[in-house]
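Biologist: Could you show me how to read a few features off a model? Please give the general idea before each case.

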Amino acid sequence: MKHYLIAISLSKQMEVKGIRANFVTLNILINCFCHLGQMAFSFSVLGKILKLGYQPNTITLTTLMKGLCLKGEVKKSLHFHDKVVAQGFQMNQVSYGTLLNGLCKIGETRCAIKLLRMIEDRSTRPNVVMYNTIIDGLCKDKLVNEAYDFYTEMNSRGIFPDVITYSTLICGFCLAGQLMGAFSLLNEMILKNINPNVYTYAILIDALCKEGKLKEAKNLLGVMTKEGVKPNVVTYSTLMDGYCLVGEVHNAKQIFHAMVQTEVNPSVCSYNIMINGLCKGKSVDEAMNLLREMLHKNVVPNTVTYNSLIDGLCKSGRITSALNLMNEMHHKGQPA
């Protein structure tokens, strides 16, 4: 439940009552401190484990490595890994997956690849999670062809790609403007009976919208619905934004109503897209109605919402209404 402070409080109550913490309890405690970013306390619990005569295991050490990575101290995590391995401790796939993820998150994809190659020389066999991490890092660096090479490599080694592998590569191809390659991967995953998820479709819909291919984007929305993949608020909002960008606000409104009808609650971002589109299309009263609807549904408007409406009111010559809305914005604590 991620209630780390309560867990720590319970462990203190145990101590007060004279109940001695066992190895499992101490590992849980390390995990709590790691998630709270309190690494000094995490390592003090490791000291307690050793003092009580327990032997730290892979879970203990991996948790500490993950804690350092979560805090952005990936180099320290690598140093800790080297130290414990030198002392004879064994690391597993989760341990190395943690380090690879940490390195890729700080943009050290090259170091992550070196680590992957080092793992291959040891008894730990790389798995799909490790390859996905490297592929994601390369795609974020826009090195899509290299990412695809890793995908080919994992296939040749009998490590089967999953929906995350394909979605990550599809995202990379879309970022590189290679839409044909992205759709080729979609077809490939379907042929392999790997079902695209809402994230996979959302990436492709977004890419089509950015290229102004709204008809294809809407058709893809129909395909995902037909395949039993329920569009989420991001999928609908992406398509709405695409229509608004080309000035087809009437189509964006249809998507907005379709979203509501399928019981997907619009987010503040969804409302902002519609309000901005309506204001640009000089339908300011309709945009103001959406603001009232937001407030009625307890969706809190933000600065973007108010800026779009104030701009729309000013451009339609309704300065007094714009000033009143600005006062309302300040009253609700939104910065200008």
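This is a predicted model: local features need pLDDT of at least 70, side-chain atom pairs count only at pLDDT 80 or more; totals for chains, interfaces and linings use all residues.

Modeller: Residues are numbered from 1 along each chain as its sequence is written, and side-chain values use heavy atoms, with hydrogens and water left out.

Biologist: What is the volume of the largest pocket?

Modeller: Rolling a probe the size of a water molecule over the atoms shows where empty space is left. On a 1 Å grid over the protein atoms alone, a pocket is an open set of points where a 1.4 Å probe fits, with protein on both sides within 12 Å along at least five of seven lines. The volume is the space filled by probe spheres set on the points, which are joined across faces, edges and corners. Here the largest pocket comes to about 260 Å³. Of its 16 lining residues (an atom within 4 Å of a point), Ala-202, Ile-203, Asp-206, Ala-207 and Lys-210 are the closest to the centre.

Biologist: Which helix gives the largest share of that lining?

Modeller: Helices are DSSP runs (H or I, at least four residues), numbered from the N terminus. The largest share, seven residues, comes from α12. α10 (163–175), α12 (198–210) and α14 (233–245) each supply at least two.

Biologist: How many aromatic pairs are there?

Modeller: Rings of Phe, Tyr and Trp (its six-membered ring) pair if their centres lie within 6.5 Å; planes under 30 degrees apart are stacked, over 60 edge-to-face, and the rest tilted. That rule gives eight aromatic pairs. Tyr-131 and Phe-150 are tilted, because their ring centres are 6.2 Å apart and their planes at 55°. Tyr-131 sits in α8 (residues 128–140) and Phe-150 in α9 (residues 144–156), so the pair ties together parts 19 residues apart in sequence.

Biologist: Is Tyr-131 buried or exposed?

Modeller: Buried means under 20% relative accessible area, exposed over 50%, and partly exposed in between (1.4 Å probe, protein chains only). Tyr-131, at 0%, is buried, and Phe-150, at 5%, is buried.

Biologist: Where do the buried residues of α15 fall?

Modeller: An α-helix has 3.6 residues a turn, so residues three or four places apart point the same way. In α15, Val-249, Asn-251, Ala-252, Ile-255, Phe-256 and Met-259 are buried. Seen down the axis, the buried residues of α15 fall within an arc of 155° (taken from the directions from the helix axis to the C-beta atoms), so they line one face. The face turned away from that buried side carries the exposed His-250 and Gln-261.
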